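Q: Could you show me how to read a protein structure, one feature at a time?

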Amino acid sequence: MGMAYFRPLGPIEAMPPRIRHLLIEGGCEVGSVLTASYEYRGGFEGPTQVWWLRVHPDGSRVKISQPTCIPMGSRRSGSSENPLHYVIKPEDLGCMLKAKCRAIRNDGVEGTVTTSQPFEVVAATPETEQESP
């Protein structure tokens with residue numbers, strides 16, 4: 001038997017950029033730092049964008065941060081300026097928080113927006129409870 005050889009019919013291209021498994025991790029009380037994490041697919045990652053939403057009990061949504069590019073190489077950074085991090089505020093109490101992410105490949109091609117599952121803020125810190133009337 002002879003060996004089979006395959007030739008590419010053209011250039012090999014990356015699939016469209018996309019985000020998989022967008023998750024929010026962290027404590028569920030005011031003052032806790034939440035971290036969004038995800039898996040990127042579709043070539044070499046470029047300036048992927050992330051932003052946060054607050055969902056009120058009545059279902060209304062408020063964008064609590066603007067789409068911000070994740071600085072290259074800082075996806076695992078613990079810096080508070082990293083857009084993957086969000087500090088829970090007193091106005092988030094009783095609401096759900098969501099992270100949204102748009103994959104962007106290093107050649108500028110944008111993927112669709114992916115939304116995390118909601119994260120419920122259920123606890124206040126002792127300081128927050130004392131501030132309430």
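A: Let us begin with a pair of strands: S3 and S4 are antiparallel partners, held by three bridges. Strands are DSSP runs of E with at least two residues, helices are runs of H or I with at least four, and both are numbered from the N terminus. Two strands count as paired if DSSP finds at least two bridges between them. In this pair, Val55 sits opposite Arg61 in S4.

Q: What should I know about the model and its numbering?

A: This is a predicted model, where local features need pLDDT of at least 70 and side-chain atom pairs count only at pLDDT 80 or more, while totals for chains, interfaces and linings use all residues. Residues are numbered from 1 along each chain as its sequence is written, and side-chain values use heavy atoms, with hydrogens and water left out.

Q: How many residues lie between S3 and S4 in their hairpin?

A: Five residues lie between them, and Gly59 in the turn has a positive phi of about 95°.

Q: Which other strands pair with S3?

A: S5 joins S3 through two antiparallel bridges, with Val50 facing Thr68 in S5. S7 also runs antiparallel to S3, and seven bridges link the two. Here Val50 stands opposite Cys101 in S7.

Q: How do I tell whether S3 is covered, and how many of its residues are buried?

A: We compare accessible areas: buried means under 20% relative accessible area, exposed over 50%, and partly exposed in between, with a 1.4 Å probe and protein chains only. In S3, seven of its seven residues are buried. Gln49, Trp51, Leu53 and Val55 point one way, whereas Val50, Trp52 and Arg54 point the other way.

Q: What does Ser65 touch?

A: Contact means heavy atoms within 4.5 Å. Ser65 lies in the loop between strand S4 (61-63) and strand S5 (68-69). Setting aside neighbours within four places in sequence, Ser65 contacts Trp51 and Trp52. A polar atom of the Ser65 side chain is 2.9 Å from the backbone nitrogen of Trp52. Ser65 and Arg54, eleven residues apart in sequence, have their C-alpha atoms 9.6 Å apart.

Q: Why does Ser116 count as buried?

A: Ser116 counts as buried because its relative accessibility is 4%. This residue is in the loop between strand S8 (110-115) and strand S9 (119-120). Not counting residues up to four places away in sequence, Ser116 touches Leu22, Ile24, Lys98 and Ala99.

Q: Which residues have the most contacts inside the largest nonpolar core?

A: A nonpolar core is a set of buried Ala, Val, Leu, Ile, Met, Phe, Trp, Tyr and Cys residues joined through side-chain atoms within 4.5 Å. The largest one has 20 residues, and Ile19, Leu34, Tyr38, Trp52 and Ile88 have the most contacts inside it. Strands S1 (18-25), S2 (33-41), S3 (49-55) and S7 (96-104) each give two or more residues to this core.

Q: What is the strand order in the open sheet of three strands?

A: The order is S1-S2-S6, with antiparallel pairing. S1 and strand S6 (85-87) are the edge strands, each pairing on one side only. Six bridges join S1 to S2, and Leu23 has Ser37 in S2 as its bridge partner.

Q: How many helices and strands are there in the protein?

A: The protein has one helix and nine strands, following the pattern β-β-β-β-β-β-β-β-β-α along the sequence. Of its 133 residues, 34% are buried.

Key
A polar contact is a pair of N or O atoms within 3.5 Å; within protein, one must be able to donate a hydrogen and the other to accept it, and residues adjacent in sequence count only if both atoms are side-chain atoms.
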